[in-house]
Amino acid sequence: MALSWKLVIDSTNAPALADFWAAALEYEVEDPSMLIEQLLAAGRIGDEAVREHRGRKTFRGYAAIRHPEDPFDVTSGVGRGRRLLFQDVPEGKSGKNRLHLDVHSEPGGLAKLVARLEDLGATRVREVNKGPAGHWWIMQDPEGNEFCAA
């Protein structure tokens with residue numbers, strides 16, 4: 001049986017990075033506010049565990065995004081399919097990623113994709129053109145994590 005998984009990405013501002021990647025991938029930012037309200041009311045978490053972002057309560061130091069067509073838990077907002085979780089860590093990024101995302105454009109749409117990603121806050125690093133083997137841009141998200149636009 002195949003296992004479930006999510007990709008966890010360290011960050012310095014999880015909600016902001018989740019917003020970037022949700023827009024970049026056309027995913028949805030998960031909304032845990034209903035679960036948070038239940039946990040607060042039951043005394044299972046305190047106000048220090050919560051912050052507000054874009055008008056709703058989120059867990060301090062965490063934010064996640066999910067594919068809009070995948071199933072999710074209505075109470076927690078947690079996706080049960082393609083999902084990225086961002087978690088704040090105290091240390092900054094210190095080297096090259098050992099794992100990265102490739103964001104694919106529609107055929108012939110690389111320039112449009114790169115421009116859209118730049119408008120969202122990404123930065124171009126280097127263009128790679130391997131002819132028939134592929135053409136892509138190495139880019140960085142707003143926190144400097146490398147990814148490819150292909």
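Is valine 74 buried or exposed? Valine 74 is exposed, because its relative accessible area is 60%, and exposed here means over 50%, buried under 20%, and partly exposed in between, with a 1.4 Å probe and protein chains only as cover. Hello everyone, and thanks for coming.

A word on what we are looking at. This is a predicted model, where local features need pLDDT of at least 70 and side-chain atom pairs count only at pLDDT 80 or more, while totals for chains, interfaces and linings use all residues. Residues are numbered from 1 along each chain as its sequence is written, and side-chain values use heavy atoms, with hydrogens and water left out.

Back to valine 74. It sits in the loop between E5 and E6. Together with Met34 and Phe72, Val74 makes a nonpolar surface patch of about 290 Å². For a patch, residues need over 30% relative accessible area and no salt bridge; like charges are joined within 9 Å, and nonpolar side chains (Val, Leu, Ile, Met, Phe, Trp, Tyr) within 5 Å. The areas come from the Shrake-Rupley method with a 1.4 Å probe, and for residues only the protein chains shown count as cover.

Now to the sheet that holds those strands. Helices (H or I, at least four residues) and strands (E, at least two) are DSSP runs, numbered from the N terminus. Two strands pair if DSSP finds at least two bridges between them. Four strands make an open sheet with mixed pairing, in the order E1-E6-E5-E2. At the edges are strand E1 (7–11) and strand E2 (28–29), each pairing on one side only. Helix H1 (residues 14–25) packs on this sheet and touches E1, E2, E5 and E6, and its direction makes about 10° with that of E5. Contact means heavy atoms within 4.5 Å; axes are lines fitted to C-alpha atoms, for helices over the stretch in contact, with angles from 0 to 180 degrees between N-to-C directions.

Let's walk across the strands. E1 and E6 run parallel, joined by five bridges, and valine 8 stands opposite leucine 85 in E6. Strand E5 (residues 62–66) and strand E6 (residues 83–88) run antiparallel, also with five bridges; here alanine 64 stands opposite leucine 85. In a regular strand the side chains alternate between the two faces of the sheet. In E1, Leu7, Ile9 and Ser11 form the covered face, while Val8 and Asp10 form the uncovered one.

On to charges. How many salt bridges are there? The count comes to nine, taking a side-chain nitrogen of Lys or Arg within 4 Å of a carboxyl oxygen of Asp or Glu. One of them joins glutamate 28 to arginine 66, with the closest N and O atoms 3.1 Å apart. Glutamate 28 is in strand E2 and arginine 66 in strand E5, so this pair ties together parts that are 38 residues apart in sequence. Arginine 66 counts as buried at 6% relative accessibility, whereas glutamate 28 is partly exposed at 35%. Another pair is arginine 83 with glutamate 30, at 2.6 Å between the closest N and O atoms, and both residues are buried.

Finally, the other sheet. It is open and mixed too, with four strands in the order E7-E10-E9-E8. Strand E7 (102–103) and strand E8 (123–129) each have a single partner strand, so one side of each lacks a neighbour in the sheet. Happy to take questions!
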